[in-house]
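Please read the following note alongside the sequence and the model.

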Amino acid sequence: MKNMLERLRDGEILIGDGAMGTMLMERGLKGGECPESLNLANTELLEEIAGLYLDAGADIIQTNTFGGSPLKLASYSLEDKASLINRNGVSAVKKAVEGRAYVSASCGPCGKILKPYGDTDPVDIYKSFEVQMQAFAESECDVICIETMMDLKELLLALSAAKQMAPGIPVMTTMTFDATPKGFYTIMGDTIEKAARVLEEAGADVVGSNCGNGIENMVKIACEFKKCTTLPVIIQSNAGLPLFEDGNLVYPETPEFMAEKARELVNAGVSIIGGCCGTTPEHIRAIGKACRESRTR
Amino acid sequence: MELLKQISENLQNGFDEVVVKLTEEAVEKRITPEEIMNNGLIAGMNVVGEKFKNHEIFLPDVLLSARAMNRAMEVLKPLLIKEGIPVRGKVVIGSVKDDLHDIGKNLVGILLKGAGFEVIDLGNDVPAEKFISTAIEENAQVIGMSALLTTTMPVMKKVVDMAKAEGLYGKVRIIVGGAPVSKEYALEIGADAYSYDGANAVETIEGFFAEGI
């Protein structure tokens, strides 16, 4: 398969995948269970989900390793299995896609707050990410995606661990921003301008945003990123914040709605468009179709 | 008073060492611990809370101020107890059964302590019974529950139902929060309030106490 970054440089738009957590829950993952424990117990399930997103037209498929850093796994007493969990996560997607899509190794926050405002030493956080990144390198993923980050300092620790342990593997970094009356900020107070500048300097290959509060905000976020960086931009929006309807939680944004907004993301110059919480293979299919149409326009 | 103003200002800047030193100085100068707490520390935290709400400062700043508050309270607490002055109120918090996410709940705990409340943190994966029995044993006025998973949210309803059955309803206020939780859900299960973030939780709980619980 052609190098992903080259394709992005050539102006191609790539489609990401949708949610993992909701898919796992629909298939029996219980509340309180560690999602990454499935990487030890049921990799067929991971292959099945990767296959569904592949069929839906995703060019980049994420691994079930979001909470795979030892610090995060420690809340389930699984920290000793971190390396295996991450390697199995990558292998499962690799097996399912057989070179038809890029395998993107997902890395989420470690769940701790950094000193001095929190209680965890940055060195310990770095070491934890190091274990995860080494496993990604060993299992030869195509790209690493550090995502849903809210503290730029933590993101930089993960990025530096990735560059150190997995040199040569491109790294995408995405943060989650809240809309405030004063603009977009992460909960820790990082702006888009600062994130774009600092991450580009630190060697990120793709920058952008994921999760959030609906795709309409993401269009604004994308425009701001494009103003601040020459790097390719990735946007993986959730399907809005869940609503409580007749005793069930539903995500409000339909595949049609998100597809319509995905066109705006294309027009804004976004290079990779995918989904986050609440998005399904149907969302990805619709987004892919809309983006392909916009591409040829 | 100048000294109390200094305590408040240094607390707003998160200078914990200075706040502790000034608090000790105030005690030596025979300012009552209650006055130091209310007009120095809590006054400072109120400014911090207001600025946070207006997006003038962000979480790291709030956490640093809360830490300064906690450290100064360690100085004042023995004195407050000796004088029989009750602390601001007792709050039992935890993430509900089967939910192992605790970052949001931890923030609420830090901020509540920072605002001068006594916090009993039951951790995560807390069964409904534990919330109720702790609230009774500890004479707490508020139960705060967090859930990050849609599948664990029903435990919140169970706690509300148990509180009713135990006759706690109306005596102990119940507040819920977490990503999938909404105001509508809180109303539906009969909780007293919903909070969308840590600062809002503190504000809401302060409201409970202002209303006399």
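1. Two strands pair if DSSP finds at least two bridges between them; strands (E, at least two residues) and helices (H or I, at least four) are DSSP runs, numbered from the N terminus. In strand E4 of chain A, A:Cys145 is the bridge partner of A:Ser106. Strand E3 (residues 102–107) and strand E4 (residues 143–149) of chain A pair in the parallel sense over 4 bridges.

2. This is a predicted model, in which local features need pLDDT of at least 70 and side-chain atom pairs count only at pLDDT 80 or more, while totals for chains, interfaces and linings use all residues. Residues are numbered from 1 along each chain as its sequence is written, and chains are lettered from A and ligands numbered from 1 in the order in which they are written.

3. In chain A, 8 strands form an open sheet with parallel pairing, in the order E1-E12-E9-E8-E5-E4-E3-E2. Strands E1 (14–15) and E2 (60–62) of chain A stand at the edges with a single partner strand each, so one side of each lacks a neighbour in the sheet.

4. Contact between two residues requires that their C-beta atoms, placed from the backbone, lie within 7 Å. Not counting residues up to four places away in sequence, A:Ile144 touches A:Ala105, A:Cys107, A:Phe136, A:Ala162, A:Ala166, A:Ile169 and A:Val171.

5. How many residues of chain A are in contact with chain B? There are 20 residues of chain A in contact with 19 residues of chain B.
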